[in-house]
Structures are given as structure tokens and as C-alpha cells.
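Welcome, and thanks for opening the viewer. Let's take a short tour together, one selection at a time.

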Amino acid sequence: MNSLREKFYLASGYAAGFCIALIMVVILAQIVGRLFGFIIPSAEDVSGWALAASTFFGLAYTFHNGGHIRVTLVIQKWSARPRFWQELVVLIFGFALACYMTFYCWHMVWESYIFEEVSHGYIPVPIWIPQVPVALGMTALNIAILDDLVAVIRKRTPSYQQHEDELNLEDV
């Protein structure tokens, strides 16, 4: 089961990387197109959507690998019991906030679909299509936070803290 979760987070990271590569290809095509006198329709729109998708797809991967910034100046000196409660409270709060955001991301997708919203670029794209990766990325972040919340409840080390401890060992 653990390897399945690792593959899920890695797939989320690869999706973020794919979106960054897509931005590069679209912008490069736009540059080359200008040299030959043609434009790529809605290149700016596609690049913006890919940027949003890469940001949200990268959230779960980065969270799982301890890449989000954590200020541990105070809590690193705490004993195990206060640190457990601090981690538990923060993860519960983070999970609640991520659930709230995920709900409204999917609600935004649903409303865009129902009202048949389209983009205002050269190519009218149904706006729910580029909104789906944002909602999927938030859903993946929810799973990552829940995964670590369950680990803390079971008195295990959360994934981000394992990577944090590895970084601290490198500094010594």
C-alpha cells in the first residue's frame, strides 16, 4: 500500500512537471511562430492554465517530500508529547482548510460546466476543462494531508518530517 501512495505522489509531481514542459513548448512555439509570421492561438491562455495546473499538481508531491516551508525554530526543541499535539492540531487545521478549498474548487468546475462558461481567447475553450486539474491537485493535497494525519494519529512520523530530519542530519 505504501508503494501505491508513493506512486500517487510521484504521479502528481510528474503531472506538475509535464505542465511546466507544456508551458515551455507553447511559449517556444509562439516565439518560433512569430519569427515565421504566424501566431499560436490562445497560447497565453494555455500557458496560464498549465501554470495553475502545475502549481496545484505540485502541492501533494511537495507536501509529501517535505518541500513546503516549515518554521521549526521553536518546535524542534520540544519534547515528543507537545510536538505530537502541535503536529496533530496543525494537520487537522490544514486538512479542514484543504477540504474547504477542494470543495469549492470542484464547485467552481461544476458551476462552469452548468453555466457553459468559455474562455475569451482566440479559441473558446469550455472553462471547466482547465479548472479540473486545479481541483484534482487540491484533491491530491487532501489525500497527502490525510495520509500524514493518520500517520500522526498512529504515532508514526509524518512523511514531511522524515525528509526534514534527513535535511537536519545533512547540516550536522
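**Stop one: the largest pocket**

Start by selecting α3, which gives seven residues to the lining of the largest pocket, the largest share. Keep in mind as you look around that this is a predicted model. The largest pocket holds about 380 Å³ of space. To find its centre, select Phe63, His68, Arg70, Val90 and Leu91, the closest to that point of the 18 residues that line the pocket. Now colour α2 (43-64), α3 (80-114) and α4 (128-153): these are the elements that give two or more residues to the lining.

**Stop two: α3 beside α4**

Turn the view to look along the crossing, where α3 passes α4 in a left-handed sense. Residues in the contact of α3 with α4 divide into 24 nonpolar, six polar and two charged.

**Stop three: spans from the record**

Finally, select residues 12-40, 46-63, 84-103 and 123-146, which an unreviewed UniProt entry lists under "transmembrane region". In residues 12-40, the end C-alpha atoms lie 28 Å apart, and the span is 83% helix with 0% strand. For residues 123-146, the end C-alpha atoms lie 39 Å apart, and the span is 79% helix and 0% strand.

Technical notes. Residues are numbered from 1 along each chain as its sequence is written. This is a predicted model: local features need pLDDT of at least 70, side-chain atom pairs count only at pLDDT 80 or more; totals for chains, interfaces and linings use all residues. Side-chain values use heavy atoms; hydrogens and water are left out. On a 1 Å grid over the protein atoms alone, a cavity is a set of points where a 1.4 Å probe fits but cannot get out, and a pocket is an open set with protein on both sides within 12 Å along at least five of seven lines; lining residues have an atom within 4 Å of a point. Grid points are joined across faces, edges and corners, and a volume is the space filled by probe spheres set on the points. Helices (H or I, at least four residues) and strands (E, at least two) are DSSP runs, numbered from the N terminus. A crossing is left-handed if the near helix is turned anticlockwise from the far one by less than a right angle, and right-handed if clockwise. Ala, Val, Leu, Ile, Met, Phe, Trp, Tyr, Cys and Pro count as nonpolar, Asp, Glu, Lys and Arg as charged, and the others, Gly among them, as polar. UniProt positions are given in the numbering used here, feature names are shortened, and annotations may be inferred rather than shown by experiment.
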